[in-house]
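Here is a short note for a first look at this structure. Please read it with the model open.

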Amino acid sequence: MQIRTATYDDIPVLMEIFRKARGIMRASGNLHQWNDSYPSEEIVREDIGHGHCIVLCEAGKVTATMAFIPGPDPTYARIYEGGWLSDDPYHVIHRIAVAEPGHNAAEALLDWGFARTQSIRIDTHEDNVIMHHVLSKYGFTRCGVILLANGDPREAYQMNLRQPVSIQRKQSQNIDI
């Protein structure tokens, strides 16, 4: 398994992953998140151009993706029905998608993110039971509701670590008992 920054050459497979992800959402009852044109190729190109599009490869094939973006995110400036865990610097994950569920690809991408930051915020549609399950299982806390730029509500989550995962692992290996 390899995780790397996406290139423009990855766009055809990324668009196919997003198509499959929309099908997975629909099959699980999430009928309203990600219309048939979201995310658009233009959005994916922007993510790649900014170095935010991350891909997970298995056996040399791209099987999952996410946008990993340093905050602050303007849609997270106001949160309703709750509050963020902290105001510490954070990264946001948007457009996380897997070609096939059940392979722990989302968890691998989250692990990669936490090796690079202490705090991650993410949002999802209220009907996205799969993502709610993944986030809860991983240890994220539901913090409230945010509104997208178009006014649509999203369930907002955050997880903070005291230190990035890579530092925690190094320290745990150096502990003298």
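1. At what angle do the axes of helix α1 and helix α2 cross? Roughly 125°, coming within 11 Å, for α1 at residues 11-27 and α2 at residues 41-49. α1 and α2 are therefore oblique to each other (under 35 degrees counts as roughly parallel, over 145 as roughly antiparallel, 65 to 115 as roughly perpendicular, the rest as oblique).

2. This is a predicted model: local features need pLDDT of at least 70, side-chain atom pairs count only at pLDDT 80 or more, and totals for chains, interfaces and linings use all residues. Residues are numbered from 1 along each chain as its sequence is written, and side-chain values use heavy atoms, without hydrogens and water.

3. I11, L14, M15 and F18 of α1 meet E41, V44, R45 and I48 of α2 (contact means heavy atoms within 4.5 Å). These residues divide into 6 nonpolar, no polar and 2 charged.

4. The open sheet has 7 strands, ordered β1-β2-β3-β4-β5-β7-β6, with mixed pairing (a pair needs at least two DSSP bridges). β1 (2-5) and β6 (141-147) stand at the edges, each with a single partner strand, so one side of each lacks a neighbour in the sheet. Twist averages 30° from one strand to the next.

5. α1 packs on the sheet, touching β2 (53-58), β3 and β4. Its direction makes about 90° with that of β3.

6. T63 lies in strand β3 (residues 61-70). T63 is buried, at 17% relative accessible area (buried is under 20%, exposed over 50%, partly exposed in between, with a 1.4 Å probe and protein chains only). I17 is 46 residues from T63 in sequence, yet their C-alpha atoms are 7.2 Å apart.

Notes:
Axes are lines fitted to C-alpha atoms, for helices over the stretch in contact, and angles run from 0 to 180 degrees between N-to-C directions. Helices (H or I, at least four residues) and strands (E, at least two) are DSSP runs, numbered from the N terminus. Ala, Val, Leu, Ile, Met, Phe, Trp, Tyr, Cys and Pro count as nonpolar, Asp, Glu, Lys and Arg as charged, and the others, Gly among them, as polar.
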